[in-house]
Amino acid sequence: MSPRFLFGSPKFQMEVSGSEEFVAEYIALARDQIGSALSGVAEVDIVEPAAGDPPAPPAQVTLETFYQASQLREGRGALQDSILVFGLYLQEKQGKPEFTIEDLNFCFDLVGMRRPKSLANTLGIMKRDRHLLQGGSRRGAYVLSDRGHMRARRCSEP
């Protein structure tokens with residue numbers, strides 16, 4: 001079973017699953033938020049995963065390696081290409097059926113890019129106008145459309 005980390009408090013919530021390295025990177029990036037949420041907490045419950053939880057497929061390559069090997073546009077369209085490559089990585093390499101803005105922000109952090117201020121707007125354009133994304137099973141969740149998947153594949157192939 002691949003690692004899965006769930007954290008919830010009134011101040012901060014997160015869920016991440018995937019390879020050990022990917023989960024560790026997420027936790028390291030969120031360390032301050034987790035610490036802040038735990039301040040003043042006397043006891044922490046550790047819950048073991050349920051036996052029926054489906055394991056995520058192991059990642060063969062890190063996000064940084066996958067992203068750096070991608071052929072991304074520069075200037076106009078570069079942000080959309082980055083989002084598509086991140087979505088492809090999360091869905092195919094990490095086994096996440098859908099992704100959120102928070103997932104994408106962590107991806108930007110992991111590859112050392114500044115988080116875009118217009119991410120929600122860009123996702124809306126990619127979904128409504130460009131048809132590169134589709135809505136996921138819940139509000140704020142996305143999946144790559146067939147068109148988005150093909151575009152992400154073209155970007156990620158050497």
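1. Cys107 has a relative accessibility of 0% and therefore counts as buried, and Cys155 is likewise buried, with a relative accessible area of 1%. In this predicted model, a search of the whole structure finds zero disulfides.

2. The chain has seven helices and five strands, and from the N terminus on these elements follow the order β-β-α-α-α-α-β-α-α-β-β-α. Of the 158 residues in the chain, 41% are buried.

3. The count of salt bridges comes to six, and one of them joins the side chains of Asp81 and Arg73 at 2.9 Å, N to O. Asp81 is buried, because its relative accessible area is 0%, whereas Arg73, at 37% relative accessibility, counts as partly exposed. Through salt bridges that share partners, Arg73, Asp81 and Arg151 belong to one network.

4. The side chains of Glu92 and Arg153 also meet in a salt bridge, with an N to O distance of 2.3 Å. This pair links distant parts of the chain, since Glu92 lies in helix α4 (residues 78–93) and Arg153 in helix α7 (residues 146–156), 61 residues apart. Glu92 is partly exposed at 34% relative accessibility, as is Arg153 with a relative accessible area of 30%.

5. A further salt bridge, between Asp103 and Lys96, has an N to O distance of 3.7 Å, and both Asp103 and Lys96 are buried.

Conventions:
Residues numbered from 1 in each chain as written. Predicted model: local features only at pLDDT ≥ 70, side-chain atom pairs only at ≥ 80, totals over all residues. Heavy atoms only, no water. Disulfide = S-S within 2.5 Å. Buried < 20%, exposed > 50% of the residue type's maximum accessible area, 1.4 Å probe, protein only. Helix = DSSP H or I, 4+ residues; strand = E, 2+ residues; numbered from the N terminus. Salt bridge = Lys/Arg side-chain N within 4 Å of Asp/Glu carboxyl O.
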